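Q: I would like to learn how to read a protein model feature by feature. Could you take me through one slowly, with the general idea before each case?

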Amino acid sequence: MPQSKDNLTPKKKLAGKNFKRYVLYTFMSLSLTILFLVSFEGGLRLYSFIKTGKNVGIHRPSLCCGYRVKANNDTPPYLTDDHGFRKTPLTFQTKPPETVYKIVTMGDSITFGGPNANLLHYPAYLEYILNTTSIKPKLPDGKLFVDVINAGVISYTSLHLLKYLQHVIIDLNPDMVIISIGANDQTFNLNSPASSFFLNNVPLLYWYFNFSATVTFLRKALAPLTSEIMKHSRKPLSNMNNHVARVSQTFAYTKYENNLRSAVTLLKEREILPVLMPWPQTPGTDKANEFQFEKMSFKNDLKVKQYLVYAGIMKKIAEDFDIPLV
C-alpha cells in the first residue's frame, strides 16, 4: 500500500519541502528575470522614442517566424499597411475581389527593398507596370487588375520564408507567389543550430537575441571588448577548419533545398502558382560611378560560386515541379 503523508519519515518530508521550495524559488527567479528584461527593453525603446521621435527598428516579434515587419509603419521610406506589407503604388480594396489577380512576392531585403526609397522596390514597379502601361498581362477570365503584395522581410532566410508562408501568406489565398530567397542562407550564422533551434521552437527568443533594443544596447556597449577579442583570435583556417566549413555549407544547401521544396509543395497543394526567381547578385563594389555591366569584377569569388549553387537548386526544383523560373 502507498504510504500516507502522515506515515512519511521526517527525512522524506524535509526532501519534499525542499523540492517545493526549489521549484518556487526557480519560478520566482525566472519571473523576476523576465519582468526585468521586459522593463529594460521597454525603457530603452521609450528612451529612443523620446530622443528621436521614432520607434526602434522596422521589425516586430512574431510567434510563427521569429519576427515580421511592423504594421502601419509611417516613418519613410518604409511605409507599411495594416498587414505589415510594404506599400505599393496602387490599392484595390474597393475593387470586387473576383476581379483582382493577387501576386505575393516573398523574399528578404532585396524583395522588401532595403535601401530603396518609398515605392521604388521591385514589387511596386511590377504592380505599376502591369496595371498602368501598354503591357497587358494575360489574366484568367474575369480578372482585370493585378495586386502585387510585397511580403519581403529584411534578413529572412528560406526557413523564415517557409514559416511565414505556412502561417500567414497562405491564408491570403493568392493566385501566384514569387519566391526570391537565399542571399542570407549563404551566411553561416543564420544557419547555425542555435538559430534554427530558437526559430523552430522559441521564436520570441530568436527575435530577442537578434532585434531587441536590449541586445542592440549590449552589443554597442561591449563592442570595444569584443572587437579586441576578435582581433587576437583571428587565425588562418587550418585544413580541418576548411573541411568543417565545406561540410557546413553543404548542410546549408540541403536545408535550403528542403525548405524551398516544402514551400512549393504547399503552394501546389493549394493550387497557387509558385514562381522561383534567383536574387540579383552584384559585384559588391562600393564605387557605383565606376560600375559597368560589361566589366563586372566580383570581389568575393566564393560568394559567386555559392550563388550559382543556390540558383542551380532553384532551377532543379522548378524543373521537378514544372513551374516557372525567372
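Q: What share of the contacts in the protein with a separation of 6 or more comes from residues 24 or more positions apart?
A: A contact means that heavy atoms lie within 4.5 Å of each other. In this protein, residues 24 or more positions apart account for 73% of the contacts with a separation of 6 or more. Please keep in mind that this is a predicted model, in which local features need pLDDT of at least 70 and side-chain atom pairs count only at pLDDT 80 or more, while totals for chains, interfaces and linings use all residues. Residues are numbered from 1 along each chain as its sequence is written, and side-chain values use heavy atoms, with hydrogens and water left out.

Q: How many helices and strands does the secondary structure come to?
A: Helices (H or I, at least four residues) and strands (E, at least two) are DSSP runs, numbered from the N terminus. By that rule, the secondary structure of the protein comes to nine helices and six strands.

Q: In what order do the four strands of the open sheet lie?
A: Strands of a sheet pair through backbone hydrogen bonds, either parallel or antiparallel. Two strands are taken to pair if DSSP finds at least two bridges between them. Here four strands form an open sheet in the order E4-E3-E5-E6, and the pairing is parallel. Its edge strands are E4 (145–150) and E6 (273–276), each of which pairs on one side only. Neighbouring strands of this sheet are turned by 20° against each other on average, direction ignored, where the axes are lines fitted to C-alpha atoms, for helices over the stretch in contact, and angles run from 0 to 180 degrees between N-to-C directions.

Q: Which residues of E5 are the bridge partners of Gly107 and Met106?
A: Strand E3 (residues 100–107) and strand E5 (residues 176–180) run parallel and are joined by five bridges. Within E5, Ser180 is the bridge partner of Gly107, and Ile179 is the bridge partner of Met106. E5 is also joined to E6 by four bridges, again in the parallel sense, and there Ile178 has Val275 as its bridge partner.

Q: How many residues of E5 are buried?
A: Buried means under 20% relative accessible area, exposed means over 50%, and partly exposed is in between (1.4 Å probe, protein chains only). Five of the five residues of E5 are buried, so this strand is largely enclosed by the rest of the structure. In a regular strand the side chains alternate between the two faces of the sheet. Both faces of E5 are covered, with Met176, Ile178 and Ser180 buried on one side and Val177 and Ile179 buried on the other. For the protein as a whole, buried residues make up 37% of the 326 residues.

Q: In which sense do E1 and E2 pair?
A: Strand E1 (residues 59–62) and strand E2 (residues 66–69) pair in the antiparallel sense over four bridges. A hairpin through three residues joins E1 to E2, and Val69 in E2 is the bridge partner of His59.

Q: Why are Tyr253 and Tyr310 called an edge-to-face pair?
A: Rings of Phe, Tyr and Trp (its six-membered ring) pair if their centres lie within 6.5 Å, and planes under 30 degrees apart count as stacked, over 60 as edge-to-face and the rest as tilted. A search of the whole structure finds 13 such aromatic pairs. The ring centres of Tyr253 and Tyr310 are 5.1 Å apart and their planes stand at 75°, so the pair is edge-to-face. This pair links distant parts of the chain, since Tyr253 is in helix H8 (residues 239–269) and Tyr310 is in helix H9 (residues 301–321), 57 residues apart. Both tyrosines, Tyr253 and Tyr310, are buried.
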